[in-house]
Amino acid sequence: MQKRFFSIAFLIILQISFTWITWTNPVLALTEDQKIFSESWRIINRSYVDESFNHQNWWYIREKMIRQPFQNREDTYDAIEKMLATLDDPFTRLLRPDQYRSLRVNTSGELMGVGLQISQDGETGNLTVIAPIDDSPAEQAGIQSQDRILKIDGFPTSELTLDESAARMRGPIGSQVILTVLRNNHKTPEDLVLIRDRIAIHPVTTELRSDLGSTPFGYIRLSQFSANATEEVAQAIQSLEKKGAKAYILDLRNNPGGLLLSGIEIARLWLDEGTIVYTVNRQGLLGSFEALGSALTKAPLVVLVNQGTASASEILSGALQDNHRAILVGEKTFGKGLIQSLFDLSDGSGLAVTVAKYETPNHTDINKLGIMPDRVIPSESLLRNQVATAADHQYQAALELLSSQFVVAQKE
């Protein structure tokens, strides 16, 4: 009986060993395309913010899709995109090599196209304008935050990914693209012909103004959190301080965000103490970024925001509002409270992956909700030369606050 039991046990062990060998051997024989697919799967498996992977078996997704034949690299990319689509997260996406290079340029230099920051609704597929870039063909055509892009050269954007839409709008300088735009609160779309151009990223404009009479103040407009934004804002504040600025207006309207760390570093230019932002990872663990006692000014501050104020702009706005360092004026912000990281793939492509969400210092989760300003002033259609003038009601409201006794300055 003991001998028979030993034989059965030995057969079971052999069967388990055989199963293990057949399970692992295919991994050793992966093709280059299968390796790239597996790379993508592993990055999501260890980094994605939702540990349930949208309530599905992530291992099963891999085993099911890796068995499909990949005839070429495009088949591999299609499989990766189908895998990522199961997460129902438009911000987690594959970036083909040319798209990956363009994204890196977008945060550090210049690009060629129409100058639109866009977002795509994961449920409806609607392509929505976050904001046009200053002095771009899109801004000159009158495209505004919350407008919807229905077609690009006649092709429906609902059938394109976010990056495919962006790629179709990019192109050589002087070339033409036709955007079918449904303006916010309008019922009838219109075709706009835009001529692509070089989009230079100069994130900061600044001016010492005297709209408050005898009290000079600094006006700083920040259009994007690019790699050089922190240095330019710091230089602007230091220059305005030397010129005698007694207060500030920081204009974050139509600023779609950019680099997370730029938002944090710029908050430190205004804050001596306090939490700037909390990050929450897939385990629900909190991390935080704090002010470092390096504020460049303690002068009163009003921040202008609108529906195009998104992502890193909301981090900065929330930090200044919750720490009672500034009053926010304008409209409720866009509501993008997710943090993406970029991951390289071995063939030059990359993944943008949602790795965490953020909360303001008061633990407000603003994703899809936005930040409500302290004083709500509706936006209006303005020409570029009307921004921050008497025709700009939000700007005028900021001036009123700066000249009143209700301005909230930094705690001493």
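Two strands are taken as paired if DSSP finds at least two bridges between them. Helices (H or I, at least four residues) and strands (E, at least two) are DSSP runs, numbered from the N terminus. The model is predicted: local features need pLDDT of at least 70, side-chain atom pairs count only at pLDDT 80 or more, and totals for chains, interfaces and linings use all residues. Residues are numbered from 1 along each chain as its sequence is written, and side-chain values use heavy atoms, with hydrogens and water left out.

**View 1. The open sheet of 6 strands.** Its strand order is β10-β11-β12-β15-β16-β19, and the pairing is mixed. At the edges stand β10 (204-209) and β19 (375-376); each has a single partner strand, so one side of each is left without a neighbour in the sheet. Strands β15 and β16 (residues 327-330) are parallel and share 4 bridges, with L304 and V329 as bridge partners. Helix α10 (residues 312-322) packs on the sheet and touches β12, β15 and β16. The direction of α10 makes about 145 degrees with that of β15 (axes are lines fitted to C-alpha atoms, for helices over the stretch in contact, and angles run from 0 to 180 degrees between N-to-C directions).

View 2. Strand β11 runs parallel to β12 and is joined to it by 4 bridges, and R221 stands opposite D251. The chain passes from β11 through α8 to β12 in a right-handed β-α-β crossover (with the strands pointing away from the viewer, the path from the first strand over the helix to the second runs clockwise). The pairing of β12 with β15 (residues 301-305) is also parallel, over 4 bridges. Here D251 has L304 as its bridge partner.

View 3. Not counting residues up to four places away in sequence, L250 is in contact (heavy atoms within 4.5 Å) with residues including I220, L222, W270, L316 and L320.

**View 4. The loop residue S223.** S223 is found between β11 (217-222) and α8 (229-242). Its relative accessible area is 13%, so S223 is buried. Leaving aside neighbours within four places in sequence, S223 contacts D134, H202, P203, N254, N255 and P256.

**View 5. Strand β13 and its antiparallel partners.** In β13 (residues 275-280), 6 of the 6 residues are buried, so the strand is largely enclosed by the rest of the structure. β13 pairs with β14 (residues 286-290) in the antiparallel sense over 5 bridges, and T279 stands opposite G287. The hairpin of these strands has 5 residues between them, and G284 takes a positive phi near 80 degrees. Strand β18 (residues 350-359) is joined to β13 by 3 bridges and runs antiparallel to β13; V280 stands opposite K357.

How values were computed
Buried means under 20% relative accessible area, exposed over 50%, partly exposed in between (1.4 Å probe, protein chains only).
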